[in-house]
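Here is a short briefing on one protein chain. Look over the sequence and the structure first, then read the points below.

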Amino acid sequence: MNSGLKSYILPTLLALLLHGAVVVLTASTWFESSSDRHRIVPQHIKAELVDLRAQTKSKQKAEQDAKRKTDAKKRADAKKRANKKKADTKKKADKKKVDAKRKAAQRKKVEQQRAADAKRKKAAKQKADAERLALAKKKTEQKKAEQKRQTDAKRKAEQAELERQQEQREQQERELAEQLLRQQQAQVEAEQAWVAQAEQLVASAVDVIRAGVQSQWRIPPSARNGMVVGVRIRLLPTGEVDDANVTQASGDEAFDRSAVNAVLKAERFPELQGIDPVVFDRYLRQVVLEFRPEDLRR
């Protein structure tokens, strides 16, 4: 655009100069003609002026033609340059479009390749994850199965041990029961033997006590057959009489008192010293005897 303007400056200046020169010449002629209106001008001067004007017009026309040609050439050159610039611009634009398409195709290809790689990597990762999960699941199942097997084996072993211990306890209980039964039987037998022996000793001791009391008993005249007096005799391990009292009265006070006095007079039964202390404490610490008048009259 600037080059086009510059191309019109020079012709414009030339045209202005020519028009200025024409105006100056015309003005000088006009002033001369007005001042010397009545003066006779020679004919050759007029012809010369006419020729100058023709030359000026011819020159102006030549300049105008040259200017037109120059302007036309400038316009043609400007148009040519504009067309060339337009063509270059279009070429550059086409080249940019081609480059853009090529780059877009390359980017698309790269993106497709990246997408394919990402998809392949994702598939590979998913496959690896699936295989890892499957392996982990398999290991977990194997571990659970092993733990279950160990637990079952441990439970069976514990159950077997419990059954063995239970059987052992039952066997021990049976043996202990049998032992206790034998001990009880032996104890019962021993107790029975002891009781039998104690009963014999007690019977003998009672006979001794009865005989000793009867030896000291003096029946009062008021005594009658059928009377019975019960006397509790408290003895010491040495065989000595500690105390005596009536537990069952006969109804005859003299008869009852005579029995108690007989016991107190007996004082001591030496035969009781050798008796087992247990037997003595159980059976002879206190002895209740019944006395009848007819026992002394036999």
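Of the 298 residues of the protein, 17% count as buried. The model is a predicted one. The protein has five helices and three strands. Their order along the sequence is α-α-β-β-α-α-β-α.

**Aromatic cluster**

- The count of aromatic pairs is two.
- Trp217 and Phe255 make a tilted pair, with 5.5 Å from centre to centre and 55 degrees between the planes.
- This pair links distant parts of the chain. Trp217 lies in the loop between helix 2 and strand 1 (229–235), while Phe255 lies in helix 3. They are 38 residues apart.
- Trp217 counts as buried because its relative accessibility is 3%, under the 20% cut-off.
- Phe255 has a relative accessible area of 0%, so Phe255 is buried too.
- Trp217 and Phe291 make an edge-to-face pair, with 5.5 Å from centre to centre and 70 degrees between the planes.
- This pair also links distant parts of the chain. Trp217 is in the loop between helix 2 and strand 1, and Phe291 is in strand 3 (residues 286–291). The separation is 74 residues.
- Both Trp217 and Phe291 are buried.
- Ring pairs join Trp217, Phe255 and Phe291 into a cluster.

**Negative patch on the surface**

- Which residues gather in a patch of negative charge on the surface? They are Glu163, Glu167, Glu170 and Glu173.
- Glu167 is placed in helix 2 (residues 43–216).
- Is Glu167 buried or exposed? Glu167 counts as exposed because its relative accessible area is 53%, and exposed means over 50%.

- Glu267 is not a glycine, yet Glu267 has a positive phi of about 65 degrees.
- Where is Glu267 placed? Glu267 sits in the loop between helix 3 (253–266) and helix 4 (277–284).
- The relative accessible area of Glu267 is 54%, so Glu267 counts as exposed.

**To take away**

- Trp217 takes part in the tilted pair with Phe255 and in the edge-to-face pair with Phe291.
- Glu167 of helix 2 belongs to the patch of negative charge.
- Glu267, in the loop between helix 3 and helix 4, has the positive phi.

Methods. Residues are numbered from 1 along each chain as its sequence is written. This is a predicted model: local features need pLDDT of at least 70, side-chain atom pairs count only at pLDDT 80 or more; totals for chains, interfaces and linings use all residues. Side-chain values use heavy atoms; hydrogens and water are left out. Patches are made of residues with over 30% relative accessible area and no salt bridge: like charges are joined within 9 Å, nonpolar side chains (Val, Leu, Ile, Met, Phe, Trp, Tyr) within 5 Å. Accessible areas come from the Shrake-Rupley method with a 1.4 Å probe; for residues, only the protein chains shown count as cover. A salt bridge is a side-chain nitrogen of Lys or Arg within 4 Å of a carboxyl oxygen of Asp or Glu. Lys and Arg count as positive and Asp and Glu as negative; His and the chain ends are not counted. The place of a charge is taken as NZ of Lys, CZ of Arg, CG of Asp or CD of Glu. Helices (H or I, at least four residues) and strands (E, at least two) are DSSP runs, numbered from the N terminus. Buried means under 20% relative accessible area, exposed over 50%, partly exposed in between (1.4 Å probe, protein chains only). Rings of Phe, Tyr and Trp (its six-membered ring) pair if their centres lie within 6.5 Å; planes under 30 degrees apart count as stacked, over 60 as edge-to-face and the rest as tilted.
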